[in-house]
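Thanks for coming, everyone. Let me put the structure on the screen, and then we will walk through it.

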Amino acid sequence: MVLSHVRWLATADPAMDGTLDFAARELARYIRRLSGSDCGVQRARSFGQVADTAWLGLCGRLPQPRDAALTPALWDDGYAVWKADGGLFIAGRNARSVLFGVYDLLERQGVRFIRPGPDGEIIPRLSSILLPEKPIVEQAYYRHRGVCIEGAPSLDHALGMVDWCAKKRMNTLFLQFFSSRYFYNNWYARPYNPPFADHEVSDAEAIAMDNEVIAALKTRGMVFHHVGHGWTATAIGMPRSGWVKAGEAVAADRVRWLAEIKGERKLFHDIPINTELCYSFRPAFDALVEAVVRYVEAHPETDVVHVWLSDATNNKCECPECRKLTISDWYAKIINALSEALHRR
């Protein structure tokens with residue numbers, strides 16, 4: 001079939017509309033690369049003409065094929081792709097699911113997304129687009145499907161990974177720590193290969209790079225996960241993004257907050273994010289909870305906040321009061337207190 005129009009049904013949500021528009025433009029772009037046909041992309045307020053048109057929209061806005069049974073959902077993904085009345089329909093449980101449906105259809109044309117980047121794509125040449133003989137209905141088995149930025153990425157690597165994740169129907173990307181400076185510097189500063197170092201990425205530069213990655217995630221409607229380790233360091237006002245040594249002393253009024261190990265309260269191997277707190281000491285416990293709440297208030301762009309403790313072993317507090325509970329019990333107490341604080345705020 002030769003498609004001449006791609007129309008997407010608008011919603012009342014600007015973010016969803018941005019993703020639907022992106023999905024429509026992706027479909028039109030790849031149709032042009034597959035067959036040489038140009039498709040006009042249009043926003044529509046209501047469903048209308050069908051012939052020679054691809055209609056994209058949320059499942060509650062488009063007619064569904066028999067037995068599809070898709071229902072709108074913010075977190076859970078699912079889509080249907082089918083032909084009817086001389087046109088194509090792609091409906092999703094949410095906007096990113098519509099985009100996933102587009103990529104599924106493209107793979108059924110022979111397109112292959114082997115790895116991130118334009119060199120990782122295989123795009124055949126076709127005389128027309130092949131529409132499915134039977135409706136395609138897919139629903140995800142797992143709510144969260146994605147990767148973490150850990151490694152040695154450049155900004156181009158990270159952006160390419162976001163794009164590739166969406167094409168492979170992964171719906172999340174996790175940026176660990178409060179900024180990804182530690183990982184960017186593995187690429188740009190190359191501490192393990194100094195002769196080929198470029199430059200040291202600053203905190204401000206890393207945050208700007210992260211913001212580009214987050215924008216790419218949001219364009220695709222993907223779920224943004226953030227932080228992980230670093231909360232214990234934040235609570236004591238120390239460096240919190242990466243396995244870096246402090247290079248400074250813990251403030252005198254915070255030393256009591258640190259885990260007692262072999263009778264001493266100090267940074268664990270001088271690395272703040274590897275240092276545990278004394279959770280039976282109320283000021284330390286409350287500071288950790290407050291650190292998370294303040295972050296959540298300041299960062300509404302974050303969909304899922306990971307609340308992890310330190311990143312080390314044999315470093316838990318051995319004081320008599322902390323010994324009364326397991327670290328798992330203290331962790332549960334922290335999460336329960338955090339849930340109550342977030343609910344109040």
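Which residue stands opposite Thr172 in E10? Gly146 does. Before more of that, some ground rules. This is a predicted model, where local features need pLDDT of at least 70, side-chain atom pairs count only at pLDDT 80 or more, and totals for chains, interfaces and linings use all residues. Residues are numbered from 1 along each chain as its sequence is written, and side-chain values use heavy atoms, with hydrogens and water left out.

Now the overview. The chain has eight helices and 14 strands. Helices (H or I, at least four residues) and strands (E, at least two) are DSSP runs, numbered from the N terminus. The C-alpha atoms fill a box of roughly 75 × 50 × 30 Å along the principal axes. Of the 345 residues, 49% are buried. Buried means under 20% relative accessible area; exposed is over 50%, and partly exposed lies in between, with a 1.4 Å probe and protein chains only. Next, contacts, meaning heavy atoms within 4.5 Å. Take those between residues at least 6 apart in sequence: 70% of them join residues at least 24 apart.

Start with the open sheet. Six strands make up this sheet, in the order E2-E1-E3-E5-E4-E8, and the pairing is mixed. Two strands pair if DSSP finds at least two bridges between them. At the edges sit E2 (40–44) and E8 (136–139), and each pairs on one side only. On average, neighbouring strands are turned by 15 degrees against each other, direction ignored. For angles, axes are lines fitted to C-alpha atoms, for helices over the stretch in contact, and values run from 0 to 180 degrees between N-to-C directions.

Look at one pair in that sheet. E1 (residues 5–9) runs parallel to E2, joined by five bridges. Trp8 has Arg43 in E2 as its bridge partner.

Which helix lies across E1 and E2? Helix H1, residues 14–35. H1 also lies across E3 (53–58) and E5 (87–92), and runs at about 165 degrees to E1. H2 packs on the sheet as well, touching E3, E4 (78–84), E5 and E8. The direction of H2 makes about 135 degrees with that of E5.

H2 (residues 95–107) has another partner, H3 (residues 155–167). Their axes come within 8 Å and cross at roughly 75 degrees. That makes H2 roughly perpendicular to H3. Here is the scale: under 35 degrees is roughly parallel, over 145 roughly antiparallel, 65 to 115 roughly perpendicular, and the rest oblique. H2 brings Leu99, Phe100, Tyr103 and Glu107 to the contact, and H3 brings Asp163, Ala166 and Lys167. By class, that is four nonpolar, no polar and three charged residues. Ala, Val, Leu, Ile, Met, Phe, Trp, Tyr, Cys and Pro count as nonpolar, Asp, Glu, Lys and Arg as charged, and the others, Gly among them, as polar.

Another helix pair: H4 (residues 181–188) and H5 (residues 203–219). Their axes are 9 Å apart, at an angle of about 100 degrees. So these two, H4 and H5, are roughly perpendicular too. Arg181, Tyr184 and Tyr188 in H4 meet Asp203, Ala206, Met209, Asp210 and Val213 in H5.

Strand E9 (residues 146–148) pairs with E10 in parallel over three bridges. All five of the five residues in E10 are buried, so E10 is largely enclosed by the rest of the structure. One side holds Thr172, Phe174 and Gln176, the other Leu173 and Leu175. In a regular strand, side chains alternate between the two faces of the sheet.

E10 also runs parallel to E11, with five bridges. There, Phe174 has His225 as its partner. E11 (residues 223–228) is mostly covered, with six of its six residues buried. E11 then pairs in parallel with E14 (residues 304–307) over four bridges. Val227 stands opposite His306 in that pair.

Last stop: Ser310. Where is Ser310? In the loop between E14 and helix H8 (327–344). Ser310 counts as buried because its relative accessibility is 10%. Its side chain makes polar contacts with those of Glu276, at 2.6 Å, and Asn315, at 2.9 Å. A polar contact is a pair of N or O atoms within 3.5 Å; within protein, one must be able to donate a hydrogen and the other to accept it, and residues adjacent in sequence count only if both atoms are side-chain atoms. Leaving aside neighbours within four places in sequence, Ser310 touches residues including His229, Thr232 and Ile273.
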